[in-house]
Structure formats: structure tokens, C-alpha cells
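Biologist: I am new to this one. Please show it to me, and then I will ask about it piece by piece.

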Amino acid sequence: MSWTTFNPPSVKAKLFSSFSEQDIAYCDALSALILKEPQIREFPDLVALGFWLRKSNLYNLLKPYQYASFNRQPLGMLYHSAPANVDSLFVYSGILSLLCGNKNVIRLSSRRGTSSNILIEKICQLADDFPEQNARFQLIQCDYDNSELIALINSVEGRVLWGSDEAIIAQRAIPMPAHAREMCFGNKFSLCLLDAKTIMAEPEAKFGQFVQFFYKDQMTFSQQGCSSAKAIVWLGSKEQIGDAKKRFWPALIELVRLKQPFSDSEHYQALLAAQQIAANAGNAFELIQERGITRLGVSSISPFCTNAHKGSGLFLELSLASFEQLNPMLKPANQTLSVWGVEPKLLHEWLTTVQTGVDRVVPVGEALTFSINWDGVDLIDQFSRKVNLHKSFSLE
Amino acid sequence: MLIEQAPYELTVAKKAPLLLAQLNSLTAHHREFCSEYESVVTAQWPNYAVANQLAAVPYLAVSLFKHLSLKSIPDSEVFKTLYSSGTTGNPSKIALDRETAGLQSKTLVKIMQHWLGKERRPMLIIDKPSILDARNSFSARAAGIKGLSFMGRNHCYALNEDMSVNIDAVQQFCSEFAAKPVLVFGFTFMVWQYFVEQLKQSKQRISLPNAILLHSGGWKKLEDRAVDNATFKQAVLEHTDIPKVHNFYGLVEQVGSIFVECEQGHLHCSSYSDVLVRDAETWHPLPLGKEGILQLMSVLPKSYPGHSLLTEDRAVILGEDDCLCGRKGKYFNIKGRLPKVDMRGCSDTFTPTVRERS
């Protein structure tokens with residue numbers, strides 16, 4: 001496949017200073033175009049992106065970075081490799097890099113979905129009004145071994161690789177200049193921590209909202225989003241957990257029955273993965289399939305579980321009396337911990353004991369919300385250079 | 001033992017108790033000798049003792065054999081390993097000991113003799129001769145041809161190495177055997193694409209009015225070309241005069257107990273196998289006439305826990321013991337395969353190949 005540029009530049013790309021008004025206006029215009037799209041309701045990821053790109057939201061996000069004791073300068077040229085099928089993800093990191101003043105080339109997957117195509121269309125529409133931004137936000141498609149792409153990577157100041165671990169390792173074989181930075185976002189296995197006693201005590205209305213939030217986090221991308229939970233960690237005594245399961249699962253299953261987020265193929269895949277994990281683990285229990293939800297009780301989360309789990313409505317269930325028991329099971333791939341019903345004080349104390357795993361702790365309902373800190377990395381800082389001016393040169 | 005019975009004579013009243021007893025003893029056997037199987041049964045069917053009906057027999061997702069090496073025999077007793085065609089992803093790996101391999105051959109012969117008669121027939125194979133070379137020996141096509149070959153004699157390969165029709169060889173075969181009962185065998189897609197279609201295009205025809213064509217291997221590629229079973233049979237008749245065409249369905253995970261299509265166009269269970277159809281959302285068994293996921297049961301697998309498998313195929317059970325063809329047992333139609341799951345996650349499973357720069 002030869003090199004295709006979706007939004008060809010009309011001017012030569014040049015670096016901008018960080019957080020320029022022009023760049024923010026570009027994002028705001030993109031937001032307006034996305035939110036005006038008639039099809040938008042079918043794509044919750046685009047709705048979220050549309051709101052995220054609004055001027056007011058960006059000001060808010062960037063505020064903590066505006067006033068610093070150093071000068072923020074762009075990094076230079078960045079190459080972004082977008083994942084297949086989580087359509088809107090590439091825009092978040094690409095836009096943050098644009099806002100830092102960088103030039104960006106974004107390689108899109110040939111297997112991208114409809115919402116990517118809507119985005120490409122909107123970005124092309126903005127090319128005439130924002131020639132500078134358009135030239136610094138180039139969307140391309142080509143093979144991984146395309147000679148132009150390799151030449152680009154050989155000369156970038158940084159690259160951002162989204163995708164499977166295998167895809168990332170393979171792409172790393174292409175060298176970058178020594179000074180270039182690399183940010184990788186590979187396979188993740190996120191968890192949901194639920195306090196059994198709180199779940200039992202929630203009044204009906206709040207409980208209903210919790211179930212809706214849980215559904216949104218896990219089912220929006222068919223449980224394949226990196227921050228969607230694949231395992232549930234129940235906290236409490238055996239009896240409390242038993243009672244909480246009896247309240248929670250029927251409520252979730254009722255929602256799944258109404259909304260039908262999974263296909264028959266996915267039901268099959270969930271059963272296959274559950275049997276695979278049960279066969280391997282040896283001491284798994286409670287393999288239960290009801291109305292599109294598959295559950296499997298496990299006593300630990302092994303790397304085998306992590307690899308075999310393909311989403312599709314399978315939840316591994318782990319029961320713990322205290323969450324320190326989770327620490328030895330945590331791996332760098334355990335990105336998001338979404339939490340319901342655990343006291344903040346306990347979370348704080350526990351986090352100080354976690355040396356490996358867990359990059360973000362969010363309430364249930366916020367798992368898919370993009371944040372500047374992703375996988376433990378501050379993207380704004382990664383996409384810019386902090387230039388230090390010695391205090392003796394201070395103007396005050 | 002069911003294996004001693006004729007393939008299509010048992011009514012449900014006679015077959016059901018025998019089948020259940022044999023499946024129960026296979027479940028117990030595999031629980032004892034395959035620890036992974038035991039783990040799955042314990043997790044999914046807690047407190048399981050014995051099945052009191054067919055639907056209660058534990059089942060494995062057939063794709064499990066692509067991911068795990070499941071067997072109920074020590075390595076030293078592995079006599080032969082079968083692999084599925086595996087065009088996508090890992091192939092299934094099935095370990096056979098002498099006993100299971102023997103049971104498979106014996107059963108295949110019993111079923112085939114019902115359709116072909118006891119005498120070996122001159123056999124036209126719709127494939128190229130090199131398909132049985134060592135480098136192809138693990139392919140499902142090779143395994144199928146080898147399995148069926150001993151039902152025939154005077155084997156003739158109908159295709160050249162470049163997949164064109166070896167018309168001289170075929171005509172020679174016809175002139176020699178056309179008057180006799182002949183067996184023609186090939187994979188469904190090969191028969192269509194490289195035989196019938198080529199005869200049609202080159203405006204040639206052959207005449208084998210006493211032949212039976214057996215074909216297997218899935219309809220997917222033909223459905224893409226909008227060729228259904230009736231069109232297939234009509235075209236075969238038109239270009240080859242073959243009046244009897246039977247599809248058969250089977251999995252490498254249950255070799256031997258295959259399901260052959262009768263004159264009514266229905267796939268038939270034999271005395272050595274049975275089927276259920278389950279709802280993919282609840283996994284409850286569905287009644288006759290309802291489409292769902294096909295579960296296959298076979299009394300043959302002793303060396304690996306494959307006696308009850310949930311396939312990835314959709315099917316409808318049409319009836320039991322009352323097919324107009326007169327054969328007993330359940331009969332059904334396949335409605336296609338479950339589509340591949342569309343990966344929607346942040347991390348796609350695609351592995352790019354990055355070549356060294358030259």
C-alpha cells in the first residue's frame with residue numbers, strides 16, 4: 001500500500017509555541033463540526049470527543065500547565081501510530097501534541113471503523129480555514145514497511161505507539177534518532193474494585209446509577225477498551241460478597257438483556273476464554289453464563305488470564321478480605337482501577353503500598369474518560385520540552 | 001455398545017439410553033485422565049455427578065483445542081496427532097492413541113458403507129496428486145482424502161498441479177468405469193471452482209451416471225458466490241451426469257462420526273453421534289426448528305475430551321427418526337458459521353511485519 005495523505009497540506013508545516021490561541025480555535029471548530037454531525041448519537045465516543053475538544057474544556061485542562069517556572073517549548077515532529085478500531089483515541093494524543101506546538105503525522109489503521117471515517121471527513125473540512133494546523137496534523141495511511149514512513153520515523157523527535165504489545169515491539173524495530181522520545185500504549189488489563197457492604201447498602205436509585213455507570217465503562221467498547229474492567233475485585237467477607245453478587249449481577253444482566261451489547265460470536269468467545277482460563281487455572285469456580293454475561297471465579301489473576309481474556313462480556317471475579325492481597329498480583333499492564341464504595345482514606349493508604357501496576361484510580365463511570373495523565377505518563381510534559389532558565393536571570 | 005450397531009436404524013427410545021450411558025462413561029473417563037477437562041467441569045458444572053439427559057452432558061467450546069493441548073493419555077501413547085486446516089490462527093491439535101484412531105476408521109467405514117455399499121468403488125478424487133505429499137500431510141484436505149481413499153480403488157486424481165482439469169486422465173477414468181458404481185470425492189469448494197466451473201468454461205462434459213459424489217468442507221466460499229446446494233447439484237448433474245450428490249459435515253475434533261446428507265438434503269446423525277442446538281445467549285437447548293449454536297456428541301473420542309463439543313456453527317434440528325428418507329436419528333441443517341468477533345479494543349491483535357531496511 002502506497003502512502004496516502006487524507007488531508008494534504010497547503011502550507012509547509014512549522015512549529016508553534018505551546019497552547020496557541022490558533023490551535024485552540026482549531027480544536028473548537030473541530031468540536032463544533034463533530035457535535036453538529038447528524039449521525040453523532042450512534043457514536044458515544046465521538047460525543048465524548050466533541051465535548052473534550054471544546055475551547056472551555058481545553059482551557060480548563062491546560063490551566064495547570066500555563067503558569068510554570070520554566071518555558072514550555074514544542075518537541076518537534078511526532079509520529080503517531082493509531083490503533084485499529086478504537087476510533088477516537090488517536091485524536092486525543094494527537095491533539096495534545098498539536099496543542100504543545102508540534103508537527104504530527106498520524107498513521108491510521110486500514111481496519112479503522114466508521115467513527116474514524118467521520119473524523120477524517122471533519123478534519124478535511126477544516127483544512128482551508130486552518131492551513132497551519134492542518135499541515136501540523138497530517139492523517140496518513142500506508143504499510144508499516146513503507147520507505148517514506150521509515151524515513152519519517154528515522155528523523156522524528158518522538159513517536160506514540162498505540163496497539164497490541166506485539167505491534168508495538170514490531171514497530172520498535174524501526175530506529176529513531178537518539179534524541180527522540182517514545183510513548184507506548186500497549187495491552188492493558190483493567191480492574192474494578194467493588195466494596196460488597198456498600199453495594200448492599202446503596203439505596204435503590206443510587207444502586208441503579210451505579211449499574212448504569214458500570215455498564216458504560218465496560219460495554220461501550222465491548223469490554224475491549226484498555227480501561228474497561230475485565231476482572232472484578234470484590235472486597236468484603238464471604239457472606240457480604242455473596243449477597244452483593246446476588247444484588248449486582250441480576251441488575252446488570254437485566255440491562256444487558258435490554259441493550260444487547262454483545263453478538264452471538266462474542267458470547268461464544270466469552271465462553272471459550274472462560275473455559276480456557278478454568279482449564280489452565282485448575283482452581284477456578286462458578287463459571288456462569290447468563291444473558292450475555294459470563295463470570296468466572298478465580299483465586300488470582302495470572303498472566304494466562306490476562307492473555308486469554310478477550311473481553312466480550314467475561315468477568316473474572318476475585319474475592320478479597322483486604323485489598324493488600326491484590327498487590328502481589330498487580331502487573332504493569334493493570335492500568336485503570338475503577339472503584340465503588342471504598343473510603344478515600346483507605347484508597348490513599350493502600351496506594352502508597354502499590355509499587356507495581358495501577359496507573360489511574362477512578363470512580364465507576366469514569367473509566368473511559370480520557371485524561372492527560374495516561375498509563376502513568378503526563379502527555380503534555382512528554383510532548384514538550386521544559387526549558388529551564390536559571391533563577392539568576394529572573395525578571396523580578 | 002453403539003459402535004456395534006448399524007448406523008441409521010436406532011430410534012430414539014433405543015438410542016438415547018445407550019448414548020447417555022456411553023457419554024457419561026466418557027465424561028467420567030476424561031475427568032479422571034485429563035486434569036484441564038476436570039477443571040472446566042468443576043467450574044462450570046459444580047457438584048456434577050452424572051448426566052440424566054443429553055443436554056446435561058458437559059461440553060467444551062471446540063476452539064479450546066486450538067489453545068490448549070487436551071488429552072487423556074500419556075505422551076507415550078500418542079499414536080497420531082491431527083491438525084485442523086487452521087487457515088486463521090492456531091490449528092486445533094488432536095492427540096489420538098491406537099484405540100481412538102481405530103474406532104474412528106471403523107466408524108467411518110460403517111457410515112460410508114451404508115452410502116457406498118461394501119465393495120470398493122473406482123474413485124475419482126477432485127484434487128491434485130501432490131496433495132498427499134509429506135509437506136501437505138497435515139492439511140485437512142489431505143486428511144480427508146486419505147480417510148476416504150480406502151473406500152475406493154483405482155484412484156484417479158482429476159486435477160493437474162496447476163489446478164486445471166486433467167481431462168485426459170478423467171476421460172480415461174470415465175471410459176474405463178462409467179458403467180460401474182463409482183465414487184467421486186472432493187472438497188466442496190474444489191469441486192465447484194476447479195472442476196464444475198472449469199468444465200463449464202471449457203465447454204467440456206464428462207459422464208458418470210452411476211457415480212456418487214461425496215463432498216465436504218463448508219459452504220462459506222460458495223455462499224459468497226451465491227451458490228446454494230440445489231445450484232451445486234444441478235450444475236454437477238449438467239456437466240458430469242452424476243445423479244447422487246451428498247455433502248457431509250464433520251470436524252477434525254470428531255473424526256469418524258460424520259454427518260452425511262440424505263436424499264432429502266438433510267444431514268443425519270448416525271448411531272455413534274448426536275446433536276443439540278443451543279441458544280447463544282442463555283446456552284439453553286433449543287427445540288426442533290429453532291436456529292442456534294450446534295453441539296456435537298460422539299462416542300468415539302477416548303484419547304482426548306472431545307465427546308461433547310460446542311461448535312462455532314449455527315444449525316437447525318429438523319426432526320428425529322422421521323426423515324422422509326427413512327433413516328432414524330436426528331437430522332439437521334447447517335446455517336453457517338458464527339462471524340469472527342470484531343475487535344473493538346485499544347489494542348488490536350494485528351502484528352505488523354517490519355522488514356529490515358535494505
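Biologist: What percentage of the 396 residues of chain A count as buried?

Modeller: This is a predicted model, in which local features need pLDDT of at least 70 and side-chain atom pairs pLDDT 80 or more, while totals for chains, interfaces and linings use all residues. Residues are numbered from 1 along each chain as written, and chains are lettered from A in the order in which they are written. A residue is buried if 20 or more other C-beta atoms, placed from the backbone, lie within 10 Å of its own, exposed if 12 or fewer, and partly exposed in between. Of the 396 residues of chain A, the buried part is 44%.

Biologist: How many helices and strands does chain A have?

Modeller: Both are DSSP runs numbered from the N terminus: helices are H or I with at least four residues, strands E with at least two. The C-alpha atoms of chain A fill a box of roughly 65 × 55 × 40 Å along the principal axes. The secondary structure within chain A comes to 15 helices and 17 strands.

Biologist: Is A:Leu75 buried or exposed?

Modeller: A:Leu75 sits in the loop between strand 2 (71-74) and strand 3 (77-81) of chain A. Its C-alpha atom is separated by 4.8 Å from that of A:Ser384, 309 residues apart along the chain. Because A:Leu75 has 21 C-beta neighbours inside 10 Å, it counts as buried.

Biologist: Which residue of chain B does A:Leu296 touch?

Modeller: Two residues are in contact if their C-beta atoms, placed from the backbone, lie within 7 Å. Not counting residues up to four places away in sequence, A:Leu296 touches residues of chain A, including A:Ala274, A:Ile277 and A:Ala278. From chain B, A:Leu296 touches B:Ala43.

Biologist: Which helix supplies the largest share of the side of chain A that touches chain B?

Modeller: The contact takes 52 residues from chain A and 36 residues from chain B. Helix 8 (165-172), helix 12 and strand 10 (285-290) of chain A each supply at least two residues of the side of chain A that touches chain B. The largest share of that side, 13 residues, comes from helix 12.
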